[in-house]
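Work through these exercises with the model open. Each task is followed by its solution.

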Amino acid sequence: MASVEQGKQAIMLNKKYKAGLLNFLSAQGILVFFLICMFAFSLFSEQFLSQSNIMTVVRQASIIGIIAVGVTVVIIGGNLDLSVGSMLSFSTVLVVDLHDKIGPAGAIILMFVLTLLIGAVNGFLIGFMRLNSLIVTLAMLSAIQGLVLIYSGGKNVDIANQSDTWFAFFGRGYVLGIAVPIILFAVLAIIVQVVMSYTSYGRRIFAVGGNPAAAVYSGIRKNWCVFSTYLISAFCVACAALVLGSRVMGSQNNVGQGYELLVLAGIILGGTSLLGGAGSVWKTIIGVLILGFIQNGLLLLGYPYYTQWLVTWVIIILAVWLDLANKRKRLFTTHS
Amino acid sequence: MINMKDFLKGSGFIQPIWVFVIAITVFFSFMSEYFLSVGNLSNILVQTSTIGLIALGMTYVMINGNIDLSVGAVLGLAASLSVGLQDYGITIAVIAALASGLVLGAINGLIVWKTGVNAFIVTLGAMIGVRGLIFVYTEEQSFYATNFAFSDFGTASIGPFPVLAIIFLICTLVMHLVLKKTGHGRNTFAVGGNPEAALDAGIRIGRHMMINFIIVGFFAALAGVLLATQMGAATPNLGRDYELWTITAVVLGGTKLTGGFGSITGTLGGVLAIGILRNGMNLMQVPAFYVLVILGVILISVLIIDQRLNVHASKGVSI
C-alpha cells in the first residue's frame with residue numbers, strides 16, 4: 001500500500017511541478033553543463049575557443065536559433081509548432097524565387113506577408129477554433145510542404161545574378177565585423193526576451209500556458225494570446241528564411257525539412273517545459289548553442305558529423321531527466 | 001437507425017473514416033478504370049503495409065497516452081541491419097533486425113517508465129539518436145541485397161494475394177484481438193484514459209507503457225525488414241518522415257492523442273485512406289504534391305468535426 005501512496009504522491013508532485021514555475025536550479029544546471037562542454041572541448045582542440053571558430057558556430061546556429069526564439073514563445077503559451085520546418089522551406093523558396101521576378105524589396109515584403117498569413121492560419125485554428133496544436137501543425141507541415149512543391153513544380157530555385165544584389169546583405173554581410181545573421185539572431189532574442197519578461201503581454205502568455213482556465217477567469221483573452229504566439233513564430237521563420245535564402249542565394253524545395261525537430265531539441269535542452277507556462281528565450285539560446293558547439297567540437301576532434309546525433313540523444317534525455325529528478329527529489333518514478 | 005452523432009464521433013458501430021474510405025473508393029473507381037482491379041487493390045495493400053504495420057503499434061502507444069516519434073529511425077536501422085548482415089545468413093540478419101526494434105522500443109519504454117520524462121521528448125531524442133546509430137553502422141553507405149531469396153520475398157504472392165499484404169492483414173487482426181480481448185488491451189485504455197485512476201486500481205502503468213513501446217518498436221522493425229525486401233536495398237535515410245505519416249494515419253482513424261480512445265479498425269481505415277488517396281491520384285495523374293495538401297486539409301477537417309461533436313467534453317472556458 002505504501003508504494004501506491006508514494007506513487008500517488010510522486011504523480012501529484014510531478015503534476016504540481018509540471019504546471020510549474022521557472023526552476024532556478026535547473027536553469028543553472030544547463031549553464032554549468034554548457035561551460036563544462038566548452039572547457040572539455042577547448043582542452044582537446046586548440047582552435048575550438050578561437051574567436052573565428054566561435055563566430056562560425058554561432059553563425060551556423062543562428063538560423064535554428066532565430067526559429068527557436070519564436071517557437072519558444074509558442075511553447076510557453078502551452079502549444080507546439082511542428083510546421084516551422086515546412087514554413088522555412090516555403091518562405092525561402094518564395095523569397096528566392098520572387099527575387100528575380102519582382103526585385104528584392106517586393107520579394108521580402110511579400111514573403112513576410114505570406115508567412116505571417118500561414119502563421120495566422122495556424123493561430124486561428126489553434127487559438128480560436130481551439131484544436132490540438134500538435135495535430136494542426138502536423139497537418140500544416142504536410143500541407144505547406146505540398147504547397148511549396150506545387151509552387152516550385154518540384155524544381156529548385158536560385159537567384160540568377162548573385163554578385164550585385166543588396167539581398168546578399170542578410171546572409172553574407174557584416175556590420176562592425178559581426179555577421180548579420182548573428183546580429184539578427186541577437187536582436188530578435190533580446191527583443192523577445194524583454195517582451196516575455198518585462199511586459200504584461202509576456203506575463204499573459206505565461207499565464208495562458210501555465211493555467212489556461214485561470215488565465216481566462218483573470219480576464220486574459222486567451223484566444224488572442226495563442227493567436228499572437230503563432231504570428232511571432234511565423235515572423236521568426238520569415239527572418240530565418242531571409243538569412244537562409246540570402247546566404248545560399250538559392251533553395252531546394254525541402255530545405256527546411258527536419259528543422260522543426262532540431263529547433264525542439266534545442267528548446268528542450270535549454271530546459272523549457274513542453275507543457276507550457278515556463279521557460280525563457282535565453283535558455284533556448286543556450287540549448288541551441290550547446291547543440292551547435294557539440295557538433296563543432298566533435299568535428300574538430302575528428303569524429304564524423306553523425307556522432308553529434310548520438311550525443312544529442314543522450315544529453316536531451318539526461319537534461320530533462322535530471323531536471324525532473326531534481327524537482328521530485330528522487331531519481332526514478334515510484335510506480336511499477 | 002444509426003445515431004448520426006454517435007456515428008460521427010466514432011463511438012457508433014460504423015466509423016466515419018470507413019465511410020470516407022468507401023466514398024473515395026467509389027470516386028476513384030469512376031475516375032479511373034484501372035482502380036478497381038484486384039491487381040491494383042492488392043498493390044494498395046502492399047504499398048500501405050509499411051506505414052500500416054507501424055500504425056498498428058502506434059495506435060497502442062497513443063491509446064496509452066504516449067507517442068513514438070522514433071519509428072522512422074527504427075525502421076531505417078532494421079532495414080539496414082537486415083540487408084547489411086546477410087553475410088551471416090538471411091535468418092540471422094532478419095532476427096537481428098527485429099531484435100533491434102524490440103531493444104530500442106524497450107529502451108524508450110524503460111526511460112519513459114523509470115524517469116517519467118514525457119514520451120514526446122524521449123522519442124524525439126531517440127529519433128535523432130537512432131538515425132545516428134544507422135549512420136555509424138552503415139558509414140553513410142547504402143546496402144544492396146545480393147541474396148535474391150531476400151528480395152524475391154517482397155514480391156512473392158500466395159495465389160493472387162501478395163505475401164506482404166497477407167502479413168499486414170494478419171498482424172492487423174491479431175492486434176485488434178489483443179486490444180479488444182486481453183487484459184493488456186483493457187489496461188492500455190485504462191492507463192491512457194486516466195493514469196492516476198489506473199494506478200489506484202492497481203494497474204502497473206509503467207510496465208504496460210513499456211510493453212506498448214516494445215510492440216511499436218517491433219512493428220517498426222518488421223516494416224523496415226519488409227520494406228527492404230521490397231526494394232532489395234536499404235539506404236541510411238530510409239524512413240524519414242514516416243513518423244509523421246503514421247501519426248496522421250492513426251489520428252485519421254479516430255485515435256485521440258490524449259489517450260484512452262482509439263481502435264485498430266479505425267487505424268486500418270486511416271491507413272487505407274492515405275493509401276487509396278495516393279494511389280488513386282496517381283492513376284488520375286495528379287502530381288504527388290497535391291496529396292500532401294489534401295491530407296493536411298482532411299486531417300484538420302477531422303479535428304474540427306471531432307471537436308464540434310464532442311463539445312460537451314472538451315468545452316473549456318473562453319473569452
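**Exercise 1.** Locate the kink in helix α3 of chain B and say what follows the helix.

Solution. Helix α3 of chain B spans residues 38-63 and has a kink of about 55°. Helices here are DSSP runs of H or I with at least four residues, strands are E runs of at least two, and both are numbered from the N terminus. After α3(B) comes B:Gly65, with a positive phi near 90°.

This is a predicted model: local features need pLDDT of at least 70, side-chain atom pairs count only at pLDDT 80 or more, and totals for chains, interfaces and linings use all residues. Residues are numbered from 1 along each chain as its sequence is written, while chains are lettered from A and ligands numbered from 1 in the order in which they are written.

**Exercise 2.** Describe chain B as a whole: its elements, radius of gyration and buried share.

Solution. Start with the elements: chain B has 15 helices and four strands. Next, the radius of gyration, taken over C-alpha atoms; the globule rule is 2.2 Å times the number of residues to the power 0.38. For 319 residues a compact globule would have a value near 20 Å, and chain B agrees, with 20 Å. Along the principal axes, its C-alpha atoms fill a box of roughly 60 × 55 × 40 Å. Last, burial: 51% of the 319 residues are buried. A residue is buried if 20 or more other C-beta atoms, placed from the backbone, lie within 10 Å of its own, exposed if 12 or fewer, and partly exposed in between.

**Exercise 3.** At what angle do helices α8 and α10 of chain A pack, and which residues make the contact?

Solution. Take the axes first. They are lines fitted to C-alpha atoms, for helices over the stretch in contact, with angles from 0 to 180 degrees between N-to-C directions. Helix α8(A), residues 200-210, and helix α10(A), residues 222-248, pack at about 105°, their axes 10 Å apart. The two helices are therefore roughly perpendicular, a label for angles of 65 to 115 degrees. Now the residues: A:Arg204, A:Ile205 and A:Val208 of α8(A) meet A:Lys222, A:Cys225, A:Val226 and A:Thr229 of α10(A). Contact means C-beta atoms, placed from the backbone, within 7 Å. By class, there are four nonpolar, one polar and two charged residues. Ala, Val, Leu, Ile, Met, Phe, Trp, Tyr, Cys and Pro count as nonpolar, Asp, Glu, Lys and Arg as charged, and the others, Gly among them, as polar.

**Exercise 4.** Which helix of chain A gives the largest share of the side that touches chain B?

Solution. Count both sides: 51 residues come from chain A and 48 residues from chain B. Several helices of chain A each supply at least two residues, among them α1 (2-18), α5 (133-152) and α13 (307-328). The largest share, 14 residues, comes from α5(A). The chain A side divides into 35 nonpolar, 12 polar and four charged residues.

Terms used:
Parallel < 35°, antiparallel > 145°, perpendicular 65-115°, else oblique. Contact = placed C-beta atoms within 7 Å. Bend = angle between axes of the 7 residues up to and from the residue.
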